[in-house]
Amino acid sequence: MKPVSLSMRLGLTVSIMGAVLVVLLAILAFLALTQELDSNEKNSLEKKMSQIEHSLLMDISTRDMSLKPHVLLDQVLGHDNLNLTIFDDDNMSEPLLSFGADIPEVSTNQAGTAASNKLSYYSPAEESGIHILTASKLMKLKDGEFVSVLLSIDRSNDETLLSAYLSSTIVAVPLLLILIGISAWAIVQRGLSPLREFRKVAAMVSAQDLSHRLSVVKMPQELSELAHGINFMLHRLDGGVQQLSQFSDDLAHELRSPITNLMGKAQVTLSRERPAKEYKAVLESCTEELGRVTRIV
């Protein structure tokens, strides 16, 4: 099996890391948006409940509840997603007052009436398909009587916003992953481009030509140090080859002279018949030349 290339490994690693980061950011953004919407709705209900409590305590008694609805109507006027329902603390069957947005009665039935003077929140189960947040509190009227106040807010707009975010995220994330993959491949290719210079120089170097060197201009520090080391190695090899070549030339020159002398004397001697003394003298001379060759070797 052919091993995976370094550029492929790095590209896949960067792409996977980028994909995980994008998915995590999308999830965190969704959770943060959900938390922020919940916090905003609760803060809005809390402020409204404080205003309603002040109005009930200062302006309205039990018998004025149906006579002065405008005092409370002003609190929810202009808010199409708010519903205010007030129950008598002694009679939970019918509300004393109810107006505002048309919100399903499930919000009041399941939330129940307020049991204390502390603000509490209720949301229907998600499987009900109703997106409502209800705040309930036991409040005191002007005449000292207590009523249960339920203020509900329709969160359909928030759910629509979250759905739109999820839809856009599902479309955007694959495009971002493709962009990350292409960018990672381009970055890796650019980062590994100096290695192609290494391969190019290595292909040109031979025993006959050791003059090529790696350029360290604009090379990353790690590869620059490696390039300096390779250049120094090539410089030493070039020097050694030059010395070996020079030595070979010198050796050939030193051996050429005695070999030429031996051949010349032998050819001259063999050119005609000679007395034994001359053969002996030639052999002695050749022996001296051969001794010189032996010393050279």
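How many salt bridges does a search of the whole structure find? In this predicted model, the search finds 4 salt bridges. Side chains of opposite charge can pair when their charged atoms come close.

Three residues, D38, R155 and D158, are linked in a network of salt bridges. In one of its pairs, R155 is joined to D38, with the closest N and O atoms 2.5 Å apart. Because R155 lies in the loop between strand 5 (146-154) and helix 4 while D38 belongs to helix 1 (residues 6-59), this pair ties together parts that are 117 residues apart in sequence. R155 also forms a salt bridge with D158, where the closest N and O atoms are 3.2 Å apart. Both D158 and R155 are buried, the relative accessibility of R155 being 10%. D38, by contrast, is partly exposed, at 24%.

Another salt bridge connects E278 with R274, at 3.0 Å between the closest N and O atoms. Here E278 is partly exposed at 33% relative accessibility, whereas R274, at 17%, is buried.

The packing of the helices may be considered next. The axes of helix 4 (residues 156-191) and helix 5 come within 4 Å and cross at roughly 40°, so helix 4 is oblique to helix 5. Q189, R190 and G191 of helix 4 meet S193, P194 and R196 of helix 5; by class, this contact has 1 nonpolar, 3 polar and 2 charged residues.

Helix 5 (residues 193-204) also meets helix 6 (residues 221-269), their axes coming within 11 Å and crossing at roughly 10°. These two helices are therefore roughly parallel to each other. Helix 5 contributes P194, L195 and F198 to the contact, and helix 6 contributes L223, L226, A227 and I230. The residues of this contact comprise 7 nonpolar, no polar and no charged.

Key. Residues are numbered from 1 along each chain as its sequence is written. This is a predicted model: local features need pLDDT of at least 70, side-chain atom pairs count only at pLDDT 80 or more; totals for chains, interfaces and linings use all residues. Side-chain values use heavy atoms; hydrogens and water are left out. Axes are lines fitted to C-alpha atoms, for helices over the stretch in contact, and angles run from 0 to 180 degrees between N-to-C directions. Angles under 35 degrees count as roughly parallel, over 145 as roughly antiparallel, 65 to 115 as roughly perpendicular and the rest as oblique. Contact means heavy atoms within 4.5 Å. Ala, Val, Leu, Ile, Met, Phe, Trp, Tyr, Cys and Pro count as nonpolar, Asp, Glu, Lys and Arg as charged, and the others, Gly among them, as polar. A salt bridge is a side-chain nitrogen of Lys or Arg within 4 Å of a carboxyl oxygen of Asp or Glu. Buried means under 20% relative accessible area, exposed over 50%, partly exposed in between (1.4 Å probe, protein chains only).
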